[in-house]
Amino acid sequence: MIALHKFKLLEAAASLLYPSVCMCGGSIRAGEYLCNQCEAKAVRILPPFCHKCSEPFEGAITSAFTCANCAHRTIHFDAAVAAYRGRGIVREIIHEFKYGRQIHLRHLVARWLRAALDDDRLCALHFDVIVPVPLHPTRQRERGFNQASLLAELLSAQTSSPARPFLERIRYTTTQTALDRSERMENLHNAFRLRKNADVRGLRVLLIDDVLTTGSTLSECARVLKRAGALSVHAATAARA
Ligand SMILES: [Zn+2]
Ligand SMILES: [Zn+2]
């Protein structure tokens, strides 16, 4: 388990270093992370979007459809949902949280993640377990934490579902950013496995990550969970690139 007190200390230090001034220079209400104007700039994902991977579409599409991102490949999750676009202020905050060691920002990112659970595809479901997408141990050491684990723990505290690190990453993969869809899938092949003693048979799993890009990581994790007997695997992320 993660040394939470260490984060609390970092968080306290961060709040001393960063008084309640927004990124834009405006003032922030106590307990908030952005001013009202900046928070309002977070872009919601509105229909129409792909039912499977939440890829938004311009224009009016009223019938059910599969997007180009999901076509011609097997997607192993039942649905992956994000409520916000990973651009502008959302992208900046997630970047600060992950790479800028602004760990206190997890609360704001978790709020965006929580909005995904209100989606029609997830709101009526009960999840037996919340599973974060794991980082490779080397990367987790570099970063000091796994952002998905922190988000899963916050979500667990707000729901009745326990968070469990049932997956591990066994291949250190290069960053996915510069790769196209098929390269991403190739890059992730056999990158994950079920942890020793993890038992997901018959469980309805909610997979958590910070950002969904093509869905390849979530699909690969879902494949491992379903092969191990999970009944269903849905995914929620704070944002969709
Ligand atoms: Zn602001
Ligand atoms: Zn799709």
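Are cysteine 53 and cysteine 67 buried or exposed? In this predicted model, where local features need pLDDT of at least 70, side-chain atom pairs count only at pLDDT 80 or more and totals for chains, interfaces and linings use all residues, both cysteine 53 and cysteine 67 are buried, a term that stands for under 20% relative accessible area, with exposed meaning over 50% and partly exposed in between (1.4 Å probe, protein chains only). Residues are numbered from 1 along each chain as its sequence is written, chains are lettered from A and ligands numbered from 1 in the order in which they are written, and side-chain values use heavy atoms, with hydrogens and water left out.

The zinc ion (ligand 2) is coordinated through the SG atoms of Cys50, Cys53, Cys67 and Cys70 at 2.3 to 2.4 Å, where donors are N, O and S atoms within 2.8 Å of the metal (3.2 Å for Na, K and Ca). The arrangement is tetrahedral because the 4 donor atoms subtend angles of 100 to 116 degrees, and four donors count as tetrahedral if all angles lie between 85 and 135 degrees. Cysteine 53 and cysteine 67 both lie in the loop between helix 2 (36-39) and strand 1 (79-82), so the pair ties together parts that are 14 residues apart in sequence; helices (H or I, at least four residues) and strands (E, at least two) are DSSP runs, numbered from the N terminus.

A nonpolar core is a set of buried Ala, Val, Leu, Ile, Met, Phe, Trp, Tyr and Cys residues joined through side-chain atoms within 4.5 Å. The largest such core has 39 residues, of which Leu34, Val90, Ile93, Trp112, Leu206, Ile208 and Ala236 touch the most other members. Helix 4 gives the most to this core, with 7 residues. Apart from it lies another core, of 28 residues, among them Cys70, Val131, Phe192 and Leu212.

Tyrosine 84 and tryptophan 112 are both buried.

Definitions and conventions. Tetrahedral: all angles 85-135°; square planar, octahedral: opposite > 155°, others 65-115°.
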